[in-house]
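Biologist: Hello! Could you walk me through this model, one question at a time?

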Amino acid sequence: MKYFTIFASRNNIDDLGERIADVFAGDHKIEKNGSDYMVQTNSLFKKRKMAIRVLTENTNPDYFASNIPGMMGFYDRIAFADENRKGLVLTQISVFNTVVALEADKELDAGQIQLCMALLSGMEGIGFLQDGTLLDSDGQVIVYPDGTSGPADFSPRACTNKVMGPEVKSEEGERRKRASIAYIRERNIPHLETLPELPPAADCLWKSEEDIARRAVALLIVIQYACDVAQGGDLAASKDFVTEMLRKFGVERHLTDNERELLQDENPAGQAAVNIAWQYEAYWALIWALGLVESLDFPDRICDCDYAIQVVSECDSFEEFYRKTAMRSREEIMDEADKIYRLHWACVNNRINGQEAPAGMNESIVVERRRGLFWMIGRFDEAWDDISMDT
C-alpha cells in the first residue's frame, strides 16, 4: 500500500499543520509548500518520503463537488451486509469537508502505517484504503469492499459548520439553548452540549402571518388526498374534491413541488403519500403559531386530526380562516424551534445506537414539527420540501 486517505468533517482546519507536525516530529524532516507537505525520514541509510496533500471544501470546492458524489455512488452500489451501516456510511460521506491524502514513494512499512493511524485518530476521521476498505478513527474496519461489516462501533461525525453553517453566538441564543436543555434534562433525555445555538429571532428570514396561513390551508387540503392514496380510497373523487377546495380557498400556488407531483401523478406512490400524510404534525405547528392550538405538547402522540381539519372546514373562505388567526410572538416560536431541534438530536442519537427514541417520543412527529417551525423562522430560507434535518 502506497496510498492512504483520511476524510473528515471538521469545524477547525487551521490545526491540521500542527497535527501533521506532531505525528511526524522527531524522526522526520517536514517541508511545507502551501497546503501540501513533504515528509522525509532523517535516517541516513533508510530514506523514505511521503507527500501529504490537504484539501478542504473552502479551498478546493471543485474537488469536493466532483469526488464526494462519486464516493457516495461507489458505496451506494455495494451490497452491504448491514443496510443500517450503509446508511451511516453514506451519511458520513455526505458531510465530509476535509481530505488529507498521503502518498509514499514506496510501499508503506509498519512504522509509516502506524503514523498514518495516529494522524487518522488525531483528526477523528475516516480512513480510506486503496481497495475501498473504510476504517474508523481507531483504525477498526467499518466495512470491507465486499460489503461485510468490520468490528468498528461506527457512528457518523459531522462538524456543526457543515450542517448548520458557522455558529452565531448571542445572549438570546444562549438563553434559549439553556432553557431547552433544562426542559430536556427534566425528562431524562440525552442532549449534546455542543449542538449550536439558533440565531436571534431578528436574524431569521421569517414567513409572514398570511404566508403561514396559506401554507397551512394548502397543506391540510392536500393531506386529505394523501390519506386517501395511502388508504386506497377513491382517488378520482378525492382529487376532484381537493382541487375544488384548493380553488375555493385560493391556495393553489402555495402547494410544494412534492404536493403537486402527488396530485398530478396518475399512479401516486404510496410512500410519497404517507410522507405527506405525516405532515399533519407540521401543519399542527403552523396552526399553533397562528394561535389556533393552545400548546405544542410533548411529541409522544399524534395531533388531534379531527380538530386540525375543523379549524379550516368550518370556514367558507381563506379570509374567514385568516380572521381567526392571532400570530404568536417570534420569541415563542423560536423557543419551540430550539427545543424540537435538540429533541431531534436525541431521537437520531438513539436511533444510530439501535435504541428507541427517548421518553416515548415519535421521531416522525419530531421531524415534521421541526419542518413546520424551521420553515416559519426561515433559518436558511429553505423550501418546505428541503428543510434540513441535520443534527
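Modeller: Gladly, and let us begin with a pair of residues in the sheet. In β5, V99 is the bridge partner of L55. Strands and helices here are DSSP runs, E for strands (at least two residues) and H or I for helices (at least four), numbered from the N terminus. This is a predicted model, where local features need pLDDT of at least 70, side-chain atom pairs count only at pLDDT 80 or more, and totals for chains, interfaces and linings use all residues. Residues are numbered from 1 along each chain as its sequence is written, and side-chain values use heavy atoms, leaving out hydrogens and water.

Biologist: Over how many bridges do β4 and β5 pair?

Modeller: Two strands count as paired if DSSP finds at least two bridges between them. Strand β4 covers residues 49-56 and strand β5 covers residues 98-104. They pair in the antiparallel sense, and the number of bridges is seven.

Biologist: Which strands stand at the edges of the sheet?

Modeller: The open sheet has eight strands in the order β2-β3-β4-β5-β1-β6-β7-β8, with antiparallel pairing. Each edge strand has a single partner, so one side of it is left without a neighbour in the sheet. The edge strands are β2 (28-33) and β8 (141-143).

Biologist: Why do the buried residues of α12 line one face of the helix?

Modeller: Buried means under 20% relative accessible area, with exposed over 50% and partly exposed in between (1.4 Å probe, protein chains only). In α12 (residues 305-313), the buried residues are A308, V311 and V312. Seen down the helix axis, they line one face because the directions from the axis to their C-beta atoms fall within an arc of 95°.

Biologist: Is R328 buried or exposed?

Modeller: R328 sits in the loop between α13 and α14 (330-352). Its relative accessible area is 18%. By the cut-off of under 20%, R328 is buried.

Biologist: Which backbone oxygen lies 2.5 Å from a polar atom of the R328 side chain?

Modeller: A polar contact is a pair of N or O atoms within 3.5 Å; within protein, one must be able to donate a hydrogen and the other to accept it, and residues adjacent in sequence count only if both atoms are side-chain atoms. The R328 side chain reaches the backbone oxygen of E294 at 3.1 Å. The backbone oxygen at 2.5 Å belongs to V293.
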